[in-house]
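This report works through the architecture and a few individual residues of one model. Please look over the chain before reading on.

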Amino acid sequence: IKKKNKAIAKFDEWLSRQPHPTKIVIRGNHDPFKVNFPLSNANFYSKPNSIAIDDGRLAMALVPYCSPRALSSSWRKMPIFSDVLASHSPPFNVLDKCYNGRNAGCATLRGKVEKMIAGPPRLWVCG
């Protein structure tokens, strides 16, 4: 845990040097559920959420690492429209091939995005 806390502190220090007024961090599968970033004031998300930034001009859907079951039950909180989707997992079968040849993407997430009433987001970033 000490090593992980040291890594988080180092990451927070790096984030604090970035010029961006809004800093968003989404939970990965090896991250704790709660993290504070006192230097950078970054916002940490461990559950799916939607936010508006740039004075409400940009709608973002945030999907941290979670199981397909948890994603299905929490998707009701996600918007029907999003300019940007940021997820830990990539969509299934879209640039998600591992070294062993298997696909590591999330089929549940891809299916939910494909059913967005307003169409898919203009940009989907993952990693």
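## Basis of the description

The model is predicted, so that local features are reported only at pLDDT of at least 70 and side-chain atom pairs only at pLDDT 80 or more, while totals for chains, interfaces and linings use all residues. Residues are numbered from 1 along each chain as its sequence is written, and side-chain values use heavy atoms, with hydrogens and water left out.

## The mixed sheet

Four strands make up an open sheet of mixed pairing, in the order β3-β4-β5-β6; strands here are DSSP runs of E with at least two residues, helices are runs of H or I with at least four, and both are numbered from the N terminus. Two strands count as paired if DSSP finds at least two bridges between them. The edges are formed by β3 and β6 (123-126), each of which pairs on one side only. Direction ignored, neighbouring strands of this sheet are turned by 20° against each other on average, with axes taken as lines fitted to C-alpha atoms, for helices over the stretch in contact, and angles running from 0 to 180 degrees between N-to-C directions.

Helix α3 (residues 107-114) packs on the sheet and touches β4, β5 and β6, its direction making about 165° with that of β6; contact means heavy atoms within 4.5 Å.

## Pairing around β4

Strand β3 (residues 49-53) and strand β4 (residues 58-63) run antiparallel and are joined by 5 bridges, among them the one between Ala 52 and its partner Ala 59 in β4. The hairpin of β3 and β4 has 4 residues between the strands, and in it Asp 54 takes a positive phi near 55°.

With strand β5 (residues 84-87), β4 pairs in the parallel sense over 4 bridges. Here Ala 61 has Leu 85 as its bridge partner, and Val 63 has Ser 87.

## Arg 27

Arg 27 lies in the loop between β1 (24-26) and β2 (43-45). Arg 27 is buried (under 20% relative accessible area, with a 1.4 Å probe and protein chains only; over 50% is exposed, and partly exposed lies in between), yet has no salt bridge, the nearest side chain of opposite charge being that of Asp 31, 6.2 Å away. A salt bridge would require a side-chain nitrogen of Lys or Arg within 4 Å of a carboxyl oxygen of Asp or Glu. The side chain of Arg 27 does, however, reach the backbone oxygen of Asp 31 at 2.9 Å.

## Ser 72

Ser 72, in helix α2 (residues 68-74), is partly exposed, with a relative accessible area of 35%. Leaving aside neighbours within four places in sequence, Ser 72 is in contact with Thr 108 and Lys 112.

How values were computed:
Lys and Arg count as positive and Asp and Glu as negative; His and the chain ends are not counted. A polar contact is a pair of N or O atoms within 3.5 Å; within protein, one must be able to donate a hydrogen and the other to accept it, and residues adjacent in sequence count only if both atoms are side-chain atoms.
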